[in-house]
Structure formats: structure tokens, C-alpha cells
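Here is a set of questions and answers on a protein chain, for a reader with the sequence and coordinates at hand.

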Amino acid sequence: MNSTCRLVTRAIVLVLALAASAAAQQVDWSKKALQSERSRTYDALHYRIAIRLNLDQQSFDGETTVTLTALGDGLETVVLDAEEFTVTKVVSEWGEPLEFTQSDKALAVRMPQPLKRGETRSFTCSYHGENPKAGLRFVAESADNPRLVFSDSWPDRVHHWFPCFDYPNDKVTNEILATVSADLKVGANGRLVSVVENKAAGTVTYHWSQDLPHSTYLIFLAAAPYVVVHDAYGTLPVNYWVYPQDEKKVVPTYGKTPKMIEYFNRTFGYDYPWQKYDQISVPSGGGAESTSATAMTHRIMVDEKNESEFSAVGIVSHELAHQWWGDLITLRSWAHTWLNESFGTYSDYLYFHYDKGGDEGALNLQGKLNSYLREAKTRYVRPIVSDRYDQPGDMFDSHTYPKGALVLHMLRDLLGDAAFFDTLKHFLHRYAFDAVDTSDFIRSVKTVTGQNLDWFFDQWLFKPGHPIFDVRSDWDLARKMVTLKVTQVQDFTRGIPVFRVPVVVAIVTAAGKSTRTVWVRDREETFEFPSQTRPLLVRFDEGNILIKEVTFPKEHDELLYQLAHDDVIGRMSAAAELLRFKDDPKSFDALAVSAQGDPFWAVRRGAVEALARLAEPRRAAILTKTALDRHASVRTASLVALGDLKDRGLVDVFKERFAKDGSDAVRAESLRAIGKAGDRSTIPFLEVCAAVGSFRNMIATAAKQAIASVESQKQP
Ligand SMILES: [Zn+2]
């Protein structure tokens with residue numbers, strides 16, 4: 001959610017197997033503050049938020065009616081979260097003034113008589129706010145966006161624009177009646193009740209009603225001169241609210257949304273729960289899954305030509321999936337953030353796999369694994385479910401997003417597809433419109449499958465770390481037997497356990513492939529597999545299911561075989577591992593074949609990156625060919641490698657790529673390659689390029705970098 005909902009990038013860095021050295025831990029998670037779920041004295045039922053937004057003065061005037069039920073006897077004072085606005089008046093539902101006091105962060109309203117448990121009351125607070133630091137963002141016009149205002153309520157900032165109980169364990173219905181100048185349109189949660197023009201004042205009032213309960217951080221509004229493009233999934237309205245300049249990008253950016261709704265309805269076994277689905281452009285860092293009205297960074301808007309490299313499918317499907325995981329059922333406290341974000345992240349993988357096929361799906365999961373491992377190796381390891389955090393935002397990291405998604409993938413592998421997806425369906429139906437914690441999910445697994453997987457959740461959710469395997473294989477000619485020695489070599493301090501995992505081992509010979517699942521339970525174990533001949537390939541974790549690091553040294557011949565024959569993850573791994581044999585010409589030959597001929601683009605790119613590191617005179621010729629690959633990422637990688645040769649003789653090749661390539665990223669890389677060559681006579685050409693418009697201004701940025709690069713180099 002929010003800035004942590006990253007755009008899906010294609011920059012997959014292949015993680016080489018690391019030795020089991022304890023990574024430098026820059027953050028000591030155990031020093032974080034101990035948190036617990038917030039208690040309540042009342043149950044808020046409904047907020048009716050009437051708000052007048054003045055963009056000129058960056059101010060707002062609100063009248064919010066709070067309806068609530070006491071949860072205990074003798075409730076004399078209702079304390080609401082309220083920050084950055086001044087309350088001027090509070091009146092009861094009968095119009096009588098109520099006593100109140102306001103502090104920095106709270107509004108305390110005295111009830112005329114103490115409320116009894118179960119008693120329901122309403123009162124209305126009037127208030128004024130200016131230049132808010134959080135909650136509402138007034139944004140000036142820029143080249144990228146028109147002048148606008150939008151709410152930025154996650155994770156606990158909604159009380160900066162109306163008084164409420166601002167914690168996700170309290171679900172409410174709400175209305176928003178937003179008055180803005182008549183040139184703006186207001187998007188918000190739920191159904192549009194009315195749009196009323198106030199001609200004399202030059203304003204318009206949008207009345208939205210969210211009739212089904214949700215958590216307060218999901219309450220949203222945005223006002224801008226939007227163009228609203230209408231689409232639908234059956235009778236469900238699907239709308240795209242974009243800035244006028246982005247209207248032509250709607251189809252490449254959002255066009256698959258109805259297909260995604262259809263896919264998630266089927267996959268989750270629960271039809272899309274809300275009255276409509278809007279995606280609304282805002283100038284933020286990522287997406288925020290406000291109920292039925294996702295706030296989406298305008299940076300995802302992409303044209304047809306750049307769609308294949310900068311597809312919005314990842315973030316669009318992720319935010320859509322939150323309409324179930326996060327909005328329909330919601331984390332009860334931030335300790336359980338994974339119930340929103342791991343499920344959202346696994347869902348974006350599910351759709352990606354469905355939309356683009358198995359190889360792309362495998363690459364997507366590998367990217368998620370690499371992203372978690374980077375955090376684990378450079379920053380910290382922590383339990384995914386943790387009641388230690390200084391801010392809720394601490395929980396929105398690469399443990400919650402990718403690692404949690406991979407935990408769900410392992411759970412699916414363990415349960416089988418039918419039981420796994422039945423569990424998801426049960427979990428949604430059992431807890432719809434409610435707040436949940438991890439024990440609710442574990443109970444759903446038990447209810448649906450009958451299996452007690454406490455050991456699985458204990459090691460993957462409640463303990464930190466992951467297994468780091470050292471694997472050695474040997475074939476015994478006399479016994480016709482492959483011996484596989486598996487050692488867990490992770491650092492066992494800080495609560496990191498010895499992991500218990502099923503692993504699929506594949507033995508490939510000329511006769512074919514045989515697979516067997518073995519259970520690794522101890523620090524050191526040895527397994528045996530009969531094999532009449534020396535295997536061509538021994539594969540540990542066939543199917544790439546586990547969260548793991550592995551060191552598994554292979555002979556040169558085995559790597560050459562793996563590069564040509566294994567699955568995409570194995571082929572990419574072999575391309576990188578072949579650098580251990582960089583002086584053997586067979587490595588170059590095999591990588592050259594792979595770089596030009598592998599059916600999957602990411603393997604070709606991996607081979608290009610490996611070739612770039614071989615000091616072989618033939619490599620420039622190969623890279624010049626791969627710079628014409630059908631996939632832009634391979635062309636970009638080739639230009640990076642060619643540029644690193646710093647060969648002025650290649651400048652014409654780069655200029656031609658700039659002139660002819662259809663991809664802005666490739667064209668930008670060709671300019672950087674010219675810059676690396678360092679020829680001062682190219683500066684006038686680069687200066688012209690610096691004025692060329694492109695997606696995210698990539699070409700102009702690269703041209704300026706290239707000029708700086710030329711100027712920093714000595715001329716002959
Ligand atoms: Zn998310």
C-alpha cells in the first residue's frame with residue numbers, strides 16, 4: 001500500500017549463491033517498540049463528512065457527524081483522534097451544544113448523560129484547517145499534474161481531516177459531501193449519490209456514500225480537473241480518473257482491469273465486494289487501495305510504445321487485489337500487515353502468471369525472492385508477524401511484501417491448489433467486512449484442510465530468516481548412486497531456526513528426468529538417489545518453491561548442460577555461474593548461443609550480462625547482434641555492455657540504435673553508451689537529444705548524463 005506499493009520493475013538482479021556469512025545487520029529489530037492492538041470504548045458506526053476544500057488557500061472547513069455505540073456502561077466522554085484542525089463547535093443530534101476539549105492529537109466530547117453499553121448516539125463537529133502537513137495534500141500545478149487536492153490517509157492520518165477513531169480494527173460506513181470549485185471533479189469511496197452545482201458560489205458538491213463497512217485509513221477523496229473514462233465488468237462500473245493530458249494512455253495502462261476482476265472473482269471464490277471500481281490518478285509515490293477507489297500514482301501512466309517494458313499490470317493487479325485483501329478483510333493491527341500486503345503481492349504474481357505464462361511467472365517470483373534476500377542480507381531479518389515496530393510504516397518492507405508472498409507460494413505447494421484456494425475462499429467469506437489477525441488465517445487453514453501446520457507458520461511467520469543450504473552431490477559408479485549432502489549453514493543466532501522443508505530433487509540423465517521429494521529437517525542430512533549413469537544435471541528445489549539461498553558447486557559440463565536445458569531460473573543461474581569458468585572458450589560459446597537463441601528474454605539478457613564480463617575479442621560482434629534482440633531489455637543490457645567497452649568506433653552503432661529503436665529506454669541507453677565512449681565531437685548531437693520528449697523523460701536525462709560523462713573524460 002502507498003509508497004511501499006512499488007511499481008513492478010523488470011530489473012531482476014540474479015542473486016548469486018552466497019556463502020553462509022552472517023550478513024551485516026544494520027537494524028536491530030528487537031530494539032523496536034513493543035506494540036499492541038488498540039482498545040476501544042465505543043464502536044464507531046458511521047461518519048458523515050461534509051467538507052469544503054479551498055485550493056487557493058489550501059484550507060478546509062468540515063462538519064463531520066459521528067455515530068457510535070458505547071461498548072461499556074458509563075461512557076461519559078468520547079475521545080476521537082483529531083489533529084491539525086481547530087474544532088469550533090460540537091452539537092448533539094438534537095442540536096444542543098456539547099462540551100468538548102481539544103489537545104494536539106485528540107478531541108474529547110462530553111456526552112449529556114453517560115452512555116450505557118449498546119446505546120447509540122450521534123453528534124456533529126465543526127472545524128477549520130489550513131496547510132495540513134498530513135492527511136490532505138494540496139498540490140500545485142506542475143508539468144506532470146494539474147492543481148489538485150487528495151487525501152493521503154494511510155496508515156493513520158485520516159484524523160488529520162476529520163475527527164474519528166483512526167485505527168483499522170474499527171470498521172465504519174461513511175459519506176463524503178465534498179464542495180470544491182466547479183471546474184473540479186471529486187472521486188471517493190462507494191456510490192455517487194448526487195452532484196449539485198451551486199451556481200452563485202461557483203462550486204459543486206459531490207455526495208458519495210460508502211454503504212458497506214471498511215476501515216478508516218481506506219476513506220478517500222480526490223479533487224482535480226479529471227477526465228473520467230468509463231469501462232465496466234458486466235454490470236460493475238469500472239472507471240479511470242486521469243489528468244486530461246493522460247487520456248490516451250488509459251488503455252495501455254488500465255485496459256486489463258475488467259479481465260483482472262474476472263480472474264480474481266474466480267480465483268478468490270468471492271465476487272468483487274464493492275459498488276464500483278475507480279482508479280484515480282494522484283501525484284504520490286505508489287498506489288493506495290482505498291475502498292472501491294484506488295489512488296494511483298500518475299507515474300504508472302504509460303503509452304502503447306513503452307508498455308512492454310513499463311507495464312502497469314503489476315501495480316494495477318496488486319491494488320485491485322487489495323479490494324479483497326485489505327479492504328474486505330483488514331489487518332486488525334499493523335503486526336499483521338502481511339494479511340494485506342503478502343496476499344496483495346501474491347495476487348499480483350497470480351495474475352501475472354495467468355496473463356503472461358509460466359516463464360514470466362517464475363521470473364516474477366525470482367524477482368520477489370531477490371528483493372527479500374537483498375533486505376535480509378543488507379539490512380535485517382525479522383519475523384513477518386511482529387509486534388515490534390516504531391511506526392506502522394516499518395512493517396511495509398520486503399519481508400511483508402515479497403517474503404510473505406513466497407510463504408503463501410510455499411503453503412500452496414504444501415496444500416495443493418484445491419485446498420489452498422478453498423482456504424482463501426473460506427477466509428474471505430468467514431471474515432468479510434471484519435478485521436483479522438494471523439490466528440484467523442491459521443484457523444481457516446485448519447478448518448478447510450484439517451491440517452495442523454503450526455510448525456510451518458512458526459518458522460516462516462513467527463521466526464526470522466531463511467535456510468541457507470550448502471549442497472554437494474556425488475555419483476558413485478560402483479553403487480550407481482547419487483549422494484546429495486545438504487547442510488543448513490545459516491547463522492542460528494537471533495532466533496533463526498533449523499528449517500523443516502520439503503525439497504524436490506531432480507536427477508537428469510540421458511534416459512530422462514526423475515524427481516523425488518525429500519524432507520530436510522536437520523542441520524546436516526544425506527540423501528541417496530539411484531542413477532545408472534552419471535547425471536547430466538542434479539537439481540535442488542526443482543520448481544523453485546523455497547525461500548532460500550543455496551551454494552551448489554557444479555562441474556563445467558553440468559553448467560553447460562543446465563544453460564541449454566533447465567527451466568528459466570536454472571538457465572539464468574547457469575549463465576551467471578559459468579563465470580567461474582571464464583577462461584574456458586566453451587563458456588563463451590555457450591553463452592553466445594544462449595544470448596542469441598534462448599527462447600526466453602531474461603535468459604538471453606542474463607547471458608548478455610555474463611558475456612560482458614568475459615575478456616573475449618569476439619564479444620563486441622555478439623553484443624552488436626544482441627543489441628537488435630526482439631526484447632527491449634536484452635537490447636538495453638547489450639548497449640550497457642557495449643558502452644562499457646568505451647570504443648569510439650561503436651558510436652555510429654549507438655547513433656543508429658537511437659535513431660531506429662522503438663523503445664525509449666533503449667534509446668536512452670544508446671545515449672549513455674555514446675557518453676561512455678567520451679568523444680567530444682558527439683556533444684552537439686547529445687545536446688539535440690537532450691530536448692527530445694520521452695516516457696518519464698528518460699531520453700533527456702540520459703543525454704545530460706552522457707554529456708557529463710564525455711566532459712569528465714580526458715580527450716586524446
Ligand atoms: Zn499493497
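Q: How far apart do the centres of the positive and negative side chains of the protein chain lie?
A: In this predicted model, the protein chain carries 83 positive and 92 negative side chains. The centres of these two sets are separated by 4 Å.

Q: Is the protein chain as compact as a globular protein of its length, or what else does its radius of gyration of 29 Å show?
A: The protein chain contains 19 helices and 28 strands. For 716 residues the globule rule gives 27 Å, and the radius of gyration of 29 Å is close to that, so the chain is as compact as a globular protein of that length.

Q: What does the C-alpha trace of the protein chain span along its principal axes?
A: The span is given along the principal axes of the C-alpha trace. The values are about 90 × 65 × 50 Å.

Q: What share of the residues of the protein chain counts as buried?
A: Buried here means under 20% relative accessible area. The protein chain exposes about 28500 Å², with carbon and sulfur atoms supplying 50% of that area. Of its 716 residues, the share that counts as buried is 58%.

Q: What share of the contacts with a separation of 6 or more joins residues 24 or more positions apart?
A: The contacts considered in the protein chain are those with a separation of 6 or more. Residues 24 or more positions apart account for 70%.

Q: Which residue in the turn between β12 and β13 has a positive phi?
A: Strands β12 (residues 191-198) and β13 (residues 203-215) pair in the antiparallel sense over 7 bridges. Within this pairing, R191 stands opposite S209 in β13. The two strands form a hairpin with 4 residues between them, and the turn residue with a positive phi, about 70°, is G202.

Q: Which residue is joined to W154 by a cis peptide bond?
A: Most peptide bonds are trans. The bond in question has an omega of about -5°.

Q: Is E84 buried, partly exposed or exposed?
A: E84 sits in the loop between β3 (75-81) and β4 (85-92). Its phi is positive, about 75°, although E84 is not a glycine. Most residues other than glycine have a negative phi. Because its relative accessibility is 24%, E84 counts as partly exposed.

Q: Is N544 buried or exposed?
A: N544 is found in the loop between β27 (537-540) and β28 (549-551). It is a residue other than glycine with a positive phi, near 55°. Its relative accessible area is 18%, so N544 is buried.

Q: Which residues does K368 touch, leaving out those up to four places away in sequence?
A: K368 lies in helix α5 (residues 358-378). With a relative accessible area of 10%, K368 is buried. The residues it touches are T345, D348, Y349, P402, A405 and L406.

Q: How many Å separate the C-alpha atoms of L339 and R539?
A: L339 has its place in helix α4 (residues 338-356) and counts as buried at 1% relative accessibility. Beyond its neighbours within four places in sequence, L339 is in contact with W325, F427, V436, D437, T438 and F441. R539 is 200 residues from L339 along the chain, and their C-alpha atoms are separated by 33 Å.

Notes: Residues numbered from 1 in each chain as written. Predicted model: local features only at pLDDT ≥ 70, side-chain atom pairs only at ≥ 80, totals over all residues. Heavy atoms only, no water. Buried < 20%, exposed > 50% of the residue type's maximum accessible area, 1.4 Å probe, protein only. Rg over C-alpha atoms; globule rule 2.2 N^0.38 Å. Contact = heavy atoms within 4.5 Å. Areas by Shrake-Rupley, 256 points an atom, 1.4 Å probe, with all protein chains shown as cover. Lys, Arg positive; Asp, Glu negative; His and termini not counted. Charge placed at Lys NZ, Arg CZ, Asp CG, Glu CD. Pairing = 2+ DSSP bridges.
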